[in-house]
Amino acid sequence: MRQDDNQTGATPAYKWGMAVDLDRCTGCEACVVACRAENNVPTAGAEAAARSRAIHWIRVERYWDGEFPDVRVRYRPVFCQQCDSAPCEPVCPTYASYHTEEGLNAQVYNRCIGTRYCANACPYNVRFFNFDNPVWEKPLDLQLNPDVSIREVGVMEKCTFCIQRINEAKIDAGAMGTRIEDGALQPACAQSCTANALVFGDLNDPESAVSRLSRSPRGEKLLSDLGTAPSVTYLGRED
Amino acid sequence: MNHADSDRMTEDLLRPLSTTSLRYRVALVAFGLVALSGLGAWGYQMYFGIGVSGLNWPVFWGFYLVNFVFWIGISHAGTLISAILRLVNATWRGPVTRFAEAITSFSLVIAALFPLIHLGRPWLAFWLLPLPNDRGLWPNFRSPLVWDFFAISTYFISSALFIFLPMIPDFALLRDRSAGSKWRVYGVLSTGWRRR
Amino acid sequence: MKKKITSRRRGVGWAALSAVALALGGVAWSGFGVGQSPAPPQRTGSSGVFTPAHASVGEAIRHFFGLREPASQPIAFSHQVHVEEVGLGCDFCHDGASVGPAAGLPGIETCMLCHSGVGLDLPEVQVLLRHRDEGIEPGWERVYGWPEESHVRFNHRPHYIRGVGCASCHGDVSRMGAAERAVEHTMAFCVDCHEQEQASNECTACHY
Amino acid sequence: MDRRRFFKVTAATGAGATLAGCGNPENQLIRFIPDERLTPGLSEWKPGICPLCDAGCGLIVRVMPGDAEVIREGQAGIVRKSLAKKLEGNPEHPVSQGRLCVRGQAAIQVTYHPDRLTQPLRRVGARGSGQFEAVSWDDALGELLDQLDALRTDGQEDRLTLLTRKTGGQRGRLVADFLARFGGPAPVVFEVFGDDVLRRANDASFGFRQLPTLDLARSMHVLSFGADFLGTWNSPVAQNVAYGDMRQGRPGRRGRLVQVETRMSQTGANADEWVPIRPGTEGALALGLAHVIMESGARESGDAGRAGRLIEGWSEGLPAHTPEETERLTGIGRDRVRRLALEFAENGPSVAVVAGGPLAQTNGFPTALAVNALNALVGSVGRPGGLVFTPAPPAAPAAVRGEAMAAMAARILEGGDSPVRVLLVDDTNPVFGAPPAWRVAEALEGVPFIVSFGPFLDETSVLADLILPDHSFLESWVDHIPESGTTSAVASVAAPAMRPLHDTRSMPDVLLEIGRNLARPLAPAFPWTTFEDMLRSVFEVLPETGEGWDVWGASRERGGWWRDEALRAPLGTNPSGSAVGMPDAVFDGDPADYPFYFLPYASQAFLDGSLAHLPWLQELPDVLSTAMWSSWVEINPRTADRLGIADGDLVEITSAHGSIPAPAVVYPGIAPDVIAMPVGQGHETFTRYASGRGSNPLAILAPATEPETGVLAWASTRVRLTRLGGEGSLILFAGSLREHEEHGR
């Protein structure tokens, strides 16, 4: 009946991971706004965006290749890779950035004193700092998701794999005394992904969709030579 | 050189400590204002958020930490000078080392300010200290920032000793020539030093 | 002669320095003035903004040191009467606790389930009735809860499922009049209990 | 000091902070008793329909109790009510299949927009001054009724006109019926990126007057002529879902995408082969491919049936369209033409699709017919993996469309007594979208009485005398009948997900109320008092679909009624029209003065500009340029070098009909003689987020129209480019991004 037995045992019940099929991704960017809507990511506004203070927990990077007329583009959604040996974690003096037993790089907002060391250490540029106090022009604030806290000025934030959804699912599973079944739990980006390029799940379950995809020969880790051991696997395009 | 001469010399040396000129007061006020405006600016930054510092994504560190390193460098210079003079055993080093060690300690104090100013939420800086607390939370000793904290404090203590020890006889001299509250203060600082 | 010149030059130097200082100070202070810039232009159907920032320096300081006035309720409601004498269970009024994150403070509709008929002569109840006719909630003040900046996402449901009694976190409310903060919900309090019950002590169990 | 720091003290947290109180100002406001029974913190999912484009994706709306600031009897306070928090695709819905596009995700901001109109407004200042006064609904409706009654008494019912964007579903039917029963003409439909050319062509070729559904999931080879079907065109969500499966849904078998276009679109960026082509020659290429296929003997000319017989010289195998001739016209090498043709014929099932730029030419209609014939030739119509047509559910109203916007404007401008006395405007913005030569704003000036149902002040509704703001799609009964995107027959319906936030009213209900209260009631009178009644009456009689006898109840539960149907084969073999040739596209502007083809395109964030008011979409980095909060013009690197233009430089784009400034984006995926610009920015009046931001490319378009349908040929303008010097306001997300070599591989 305990929804969190898994976290006390020797081997955690879950190890969250994501697989991104670049052969499916069409650059539609549904994930970008879906994340914004789910996680109360503030809108920077034009001036702050011009000072490159816009916050996007997930972005779609595009890479031009070749010259007209033989020009190619490759899309790559980039978000926190939830590394197993994460550069952001050891540098944080207060453990605001730390590793959970389920393989997440947690960012504990209330513990963050704003040294911004983690963001400098992150090779993926997926950590964002609240340089200004976020504002929502009323009544836009009525849309804010009460399951996610609102980050104030001076704290770091980043993709959490929608931890609020994970915790909710664990509570439900705990009530049933069961495991979270594969596919029942999705972060906002994966749920919205129109071409089904983002697949989320439990890497400890060898039969989960994400585990199967992560074993694909097309699979590769982002900046793998840095040895950060990300929980996100990118499946390359097939052409 | 007879006793009277050396007395006059001492008088001359100690005069700045006994009398304060107008020029001194002006300087005090001027620099005081500089310091105040700095504090005001820091308060302003805390009030409106670190954003006013003009730092941006994706390079999050800037002027403050550069400044920190700069002042650390200055203090190292002080240590270097006094150390070298001691090593080569320069007989004339006395006044120079005093200056150098003063530079070391005071620029270190200034340097230590900047990591605080750099923080997004400086009022929580005390979380860098290993304070026992009922939540069982400690600083992350793997973090270079925590090393910084210990390194700086160690360096400060040692260099403070460096400048303090040689000053003890001078404090004694002052004690002997002063009275009242000054006498008490110099008395403590001279740690009961007696001239033979 | 020489002396004079140098001394004058020094004097000039001091003057310049103090000027610079004043200028700097001026800049720093003027900044606060800029802070009071006007609100975004009022358009049809829009008013002001929502922000997690503190309303005032005072509030920031109070939150920092955890200073908090005891809750004062609009009417002299007695838990003791309703629980001990009438025998209502906690989740008769706080019906959210068993199913969701928030237990909830009862709306006037809940009061009216009984008080449309019972205790009509009591002054407190008459206040309630007046409120109902005006279409206004009594406006209970929260006794517990955390400020946004604590980033605590507490959920009653898993504690309810695990059979954690209300009293273990809220004290014996059945003996109180208006609810008092019998238990200080410090992080230590939560962590200790999670420790004993072998529940998760991940930061992300509560902070996200 | 920018507005984001208007709020002073930065939040603090500390050792004891967990004990601190919740200092939110709401505590000071009084609380009203809620109208609904709510449990705090509990969320439920309700069905909905996305209103932002005609795809009509089925939604599920997450609804949770929250505290809203309201004003009751002039008293400010807060009330707890259930609020929509998040939109997702409805997993059961045949079109969205549980997914949602970037615009759909942002649709929720329509409801909570700070500049939404909160009550009826009456104009007090001069037209366009934007000065309005608040009026009660009774007064407002009374005013409108007076005007309509006046029309009646003068026997001038035909001088009531309604201007709208969407005509589908029961809502469209109600609008059309209202006008018909009142005695007015059919509604005037204005859409910038309308697809009437393709509809007309599909009708001629296959007998279906609707947009096609691409069965990508079962297709092996897709040949797209300028169709941005993964971005903005037709039914993007359904097409993306199918595309994903085309690539990776069939182990070992991966479909190919070949994109033929003048400027690399979001879709083109995904293509395995990207084929740049001279603007306006896509039809010639299609016929060239058909020629090769027939010549190779892979297919007989007869295989194309009716679609082929509409093309001049088809039965003779298109002798005029040799690969050499095709190369001369399109600029695509003859060998490549041959290869593309044979790949298309042999890697079946294959499908060709045409949309966007190619159909926005003066030869758009023949181009569409040519591609249709190409599809028919390889037998991809009505077959798995090909081009299929969504069946209509029972009780699907026929779309009623009146005269073209341009024609109406012209009639009004003829002078004298305006032929339109009362104009109702519903969810369309021609003042922003129409080319200047149509002089729409001027025409509207001539209309004595304009009523807008728009929930926002935009360039058109600001000219209105009376504004009756509509509910948002989350606050009202909504319905939709998808024209494409699925092989099932679908009729979507959804109840309000939340109570209205403001003092607004659902436009269909308003029409019904007016119909009741006219001095001389409508004949015949509507049998329903509310739109809900109308929807019930329609859905009750739909055939059961195994969801039990209560079809209405089941439909409300699931978010609609749907039923799988067999694929529909193309109809008839006798051409409805005479065979047409392939004329050259005519461009406005002398190549000497205006050396560049100008291609405005539907922006990923704003479509035709109707979404520029949503902050989330303003801050969305365009996927190819990474621009936010900006408008920009895309220029080939070589051209940019020649003109000495760098990223962000301010340039001026000048056509024979006007000029606009815009910052430049050096764009590798565009031909040297083409410049492209996204539509959407450049609003004068459209909420605090869009007003006065960027430039509107539509404002320099020539009034050229596609002759067959009379719709705007928005890709047929030539322009000239001049460097203004200085920086434009171009905000790039990638501008400050340290991109790693490893990323690009």
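This is a predicted model: local features need pLDDT of at least 70, side-chain atom pairs count only at pLDDT 80 or more; totals for chains, interfaces and linings use all residues.
A residue counts as buried here if 20 or more other C-beta atoms lie within 10 Å of its own, with the C-beta atoms placed from the backbone.

**Helix α5 of chain D**

- The buried residues of α5(D) are Asp196(D), Val197(D), Leu198(D), Arg200(D), Ala201(D), Asn202(D), Ala204(D), Ser205(D) and Phe206(D).
- Among the elements that cover these buried residues are two helices of chain D, namely α8 (305-309) and α11 (364-377).
- After α5(D) comes Gly207(D), a residue with a positive phi, near 85°.

**Where chain A meets chain D**

- The contact between these chains involves 63 residues of chain A and 70 residues of chain D.
- On the side of chain A that touches chain D, at least two residues each come from the helices α2 (30-38), α3 (46-50) and α6 (188-192), and from the strands β2 (59-65) and β3 (72-78).
- The most is given by α2(A), which supplies seven residues to that side of chain A.
- Sorted by class, the side of chain A that touches chain D holds 30 nonpolar, 18 charged and 15 polar residues.

**Domains of chain B**

- The domain assignment of chain B places residues 21-54 in domain 1 and residues 57-166 in domain 2.
- Taken over C-alpha atoms, the centres of domain 1 and domain 2 of chain B are separated by 21 Å.

Note on methods: Residues are numbered from 1 along each chain as its sequence is written. Chains are lettered from A and ligands numbered from 1 in the order in which they are written. A residue is buried if 20 or more other C-beta atoms lie within 10 Å of its own, exposed if 12 or fewer, and partly exposed in between; C-beta atoms are placed from the backbone. Helices (H or I, at least four residues) and strands (E, at least two) are DSSP runs, numbered from the N terminus. Two residues are in contact if their C-beta atoms, placed from the backbone, lie within 7 Å. Ala, Val, Leu, Ile, Met, Phe, Trp, Tyr, Cys and Pro count as nonpolar, Asp, Glu, Lys and Arg as charged, and the others, Gly among them, as polar. Domain bounds come from an automatic or database domain assignment.
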